[in-house]
Each structure stands twice: as structure tokens, then as C-alpha cells.
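Please work through the exercises below with the sequence and the model at hand. Each task is followed by a solution in steps.

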Amino acid sequence: MNLKEKLENNERLTLEEGLALYDMDLLELGAYASQIREKKFGRKTYYNINRHINPTNICKDVCQFCAYSASRKNPQPYTLSHEEILETVANSVKNGIKEVHIVSAHNPETGLQWYLDVFKKIKTQFPDIHVKALTAAEIHFLSQEYDKSYEEIIDMMIENGVDSMPGGGAEIFDEKVRKKICGGKVSSEQWLKIHELWHKKGNKSNATMLFGHVESRENRIDHMIRLRNLQDKTGGINAFIPLVYQKENNFLKVKDFPTAQEILKTFAISRIMLDNIPNLKAYWVTSTVNLALVAQEFGANDLDGTIEKESINSAAGAKSANGMQQKEFIELIVSSGFEPVERDSLYNELS
Ligand code: V47
């Protein structure tokens, strides 16, 4: 069967075939991705009302692409107290958030309990709020720093009220590129293992891919296939999130940045290659809002959420520091010809 026949029959594609998709005409590729999206979701586009919190930026690791960590070009080290975090959550609850998304740097000074207690405190005060917290990179760091197995850390997360895991820290799985951009951090194999263990406990997570820096197209397809293999085993990945690289205030030397066409192709290819991951998130923070809206025509069915405050990508140049209002979100989705549907963190439809 040739590639187009396989696309028409929704057959699973190999690495070589995935790579060949990049040579297709953009609109033809988009039409294939759109068909898959439409079959699953019609014109619905999901969003959620959430709040990002980044409790500390002091980090033991040194990722070249990171502009958020206090060891970068703009060092302003901070560690929030649990009281400050709870106050933030209380204010956001008044604004109607349903989820807190908590991601920290790898701070060796706080102790393990500092990382965990905050989840319990949030859950106790706000039992209806979904806590999405601790990337596989953080779990690996905590496991190493405090001499615990991944399973022990995962059990502690569950005991303390973490509901799901965010998809951060995946970057690019190819070992050579990984060494260049974030050597020393959680390895690809470890990232996948941690998500597998989390899924085996009956929980859900997301998966990201940082692209548009020094990786090749082949590295991206390889990344997708490694996730597809994990998903075949566990079925625990809710959403795939391609993150477009932001270039300010970091130490990674990048010659060529992806064009809008390359970004849209990557969304469409993600939708086609990842035939077993239900949701494709166009994270407006890194793609820009306009391109995220266009990505709806290239397979994306989720635009993430209102966020309120964003620190990691805005430090690297994204225009996302203050999030987005729900009303604006809804209007943008409607005016781009799609039907906004508020979802919860596990993709149940709310309104
Ligand atoms: O893992 C860091 C990325 C991630 C840069 O699970 C950068 O729903 C672009 O994972 N340019 C954290 N990206 C954010 C993340 C995330 C975001 C939204 C939703 C979810 C989810 C997860 O941000 C890191 C890293 O890959 N990142 N620096 C940069 N310069």
C-alpha cells in the first residue's frame, strides 16, 4: 500500500512514512489530519479554566533552552511559601478555575516534603480542584535527591492528592539531541518509564515535545513513535502537546527557526502519527494564539486554558505572562469557525 492509500485507510505509519508526510503539500496534509479530528470531535474545540503555578525557579539541572531557571541569563531566584501558593489558588478559585497546573524547577534546598505538602494543603482546602502536578523530570529529580524509587514518589503523589501528571520534561527523546539540550536531566527511557508507572496505577498524564530548535524532522517522528508505543502499552496519555521553541534569554544556539508552515505540518503529522492518543493540544502560549487557531484546521482539538499567569515560556519570549480571559478564548474559537467546549482536566465535557 502506498502512503496515500494508507492515509485514506487510516493505517498506522512507519518512521519513514511519517517523515515523508513533511514533503506533502500543506493543505493536502491538513485535510488528512482534519478528517481524523472531525471524525472524533466534529467542530468541537476543548479548553479549560486553569491556573499555572511555578513554586520555585531554583534548579539543579541546566537545560540549554530554559529561560525560567534562576541559573539562566535573568537570575531572579525565588521560592514561594505554601501560604503564598494557597492564597493564589484561593484567588483563582474565585475566578472559576477547575485545575491548578503546578510545575517547579529542581530545587535541592526545599526538602521532599515541601514539594508534596502543598498538594495536600490545596486538596484539603479545595477538594474540587484538579491538581495536575510534577513532571517526570521533577519525579526523577526527587527520586535521585531523596533516594526513593519512582514508585515510592508516585505513591506519595497519589497520597497527597495529585490527580494527573503534566507532560513536561519530554523535550526530544533522541539521546544525542537530548544530551546537547538538556544533558543530565531525566533520560528518555526514564521519562517513558515514569509515565508508564503512573499509568499502571490507573492515572492519566499528558506528553509534550519541544521542537523547532536543533532537532531534525526525523527526531520528531521518532519522539512520536516512542510515545505511540507507550500508549499501546498503557492507554494513559490524554493529550499530546507539541511545544514550539522560544528563543529569548537562554543559552541554546539555534540557527533556523521553524516557519508557520513547518509548525502546522508538525501538528498535522502529530494527529496522523499518534493514532492512539485522543487529544492534540495547540498550546497557544508557544504557538501564538493566531497559529493555535489555525492549528484547529490541522488536527488540533484542544487549546489548553486561561492559565492566568505563565512563567516558563514567557521567560523565553512567549506573550503569555498574563494568560487569557475565558470570554476572549470563547470568542476566538467561535470566530475561527469552531465550537468551544469547556472540559475538565480529564477531558469530560462541562459546557
Ligand atoms: O518541559 C522550556 C518547555 C515545558 C522552553 O501537560 C520551553 O497540559 C519552549 O510541559 N521554549 C513546560 N518551551 C510546559 C509544559 C506544559 C505546558 C502546557 C500544558 C502542559 C500539559 C504541559 O516547557 C518544559 C519545556 O519543554 N520549555 N523552555 C522554551 N524556551
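The model is predicted: local features need pLDDT of at least 70, side-chain atom pairs count only at pLDDT 80 or more, and totals for chains, interfaces and linings use all residues. Residues are numbered from 1 along each chain as its sequence is written, and side-chain values use heavy atoms, with hydrogens and water left out.

**Exercise 1.** Describe how α10 packs against α9 and against α11.

*Solution.* Helices (H or I, at least four residues) and strands (E, at least two) are DSSP runs, numbered from the N terminus.

Step 1. Helix α9 (residues 188–200) packs on α10 at an angle of about 25°, the axes being 10 Å apart. Axes are lines fitted to C-alpha atoms, for helices over the stretch in contact, and angles run from 0 to 180 degrees between N-to-C directions. This makes α9 roughly parallel to α10, a term for angles under 35 degrees.

Step 2. The crossing of α9 and α10 is right-handed, that is, the near helix is turned clockwise from the far one by less than a right angle.

Step 3. On α9, Ser188, Trp191, Leu192, His195, Glu196 and His199 take part; on α10, Arg226, Leu227, Leu230, Lys233 and Thr234 do. Contact means heavy atoms within 4.5 Å. The residues of the contact of α9 with α10 comprise four nonpolar, four polar and three charged; Ala, Val, Leu, Ile, Met, Phe, Trp, Tyr, Cys and Pro count as nonpolar, Asp, Glu, Lys and Arg as charged, and the others, Gly among them, as polar.

Step 4. Between α10 and helix α11 (residues 260–273) the angle is about 30°, with the axes 10 Å apart; the two helices are therefore roughly parallel to each other. The crossing of α10 and α11 is right-handed.

Step 5. Arg217, Arg220, Ile221, Met224, Ile225 and Arg228 of α10 meet Glu262, Thr266, Ile269, Ser270 and Met273 of α11. The contact of α10 with α11 has five nonpolar, two polar and four charged residues.

**Exercise 2.** Is aspartate 222 buried or exposed?

*Solution.* Step 1. Aspartate 222 belongs to helix α10 (residues 217–234).

Step 1. Its relative accessible area is 18%, and aspartate 222 is buried; buried means under 20% relative accessible area, exposed over 50%, partly exposed in between (1.4 Å probe, protein chains only).

Step 2. Leaving aside residues up to four places away in sequence, aspartate 222 touches Leu15 and Asp174.

**Exercise 3.** What is the strand order of the open sheet of three strands?

*Solution.* Step 1. The order is β9-β1-β10, with parallel pairing; two strands pair if DSSP finds at least two bridges between them.

Step 1. β9 (302–305) and β10 (339–342) are at the edges, each with a single partner strand, so one side of each has no neighbour in the sheet. From one strand to the next, the twist averages 25°.

Step 2. Strand β1 (residues 44–48) is joined to β10 by four bridges. Threonine 45 stands opposite proline 340 in β10.

**Exercise 4.** Where do glutamate 171 and isoleucine 307 lie?

*Solution.* Step 1. Glutamate 171 is in the loop between β5 (164–165) and α8 (175–182), and isoleucine 307 is in the loop between β9 and α14 (326–335).

Step 1. Most residues other than glycine have a negative phi. The phi of glutamate 171 is positive, near 50°, and that of isoleucine 307 is positive, near 65°.

Step 2. Glutamate 171 is buried at a relative accessible area of 7%, and isoleucine 307 is buried at 0%.

Terms used
Parallel < 35°, antiparallel > 145°, perpendicular 65-115°, else oblique.
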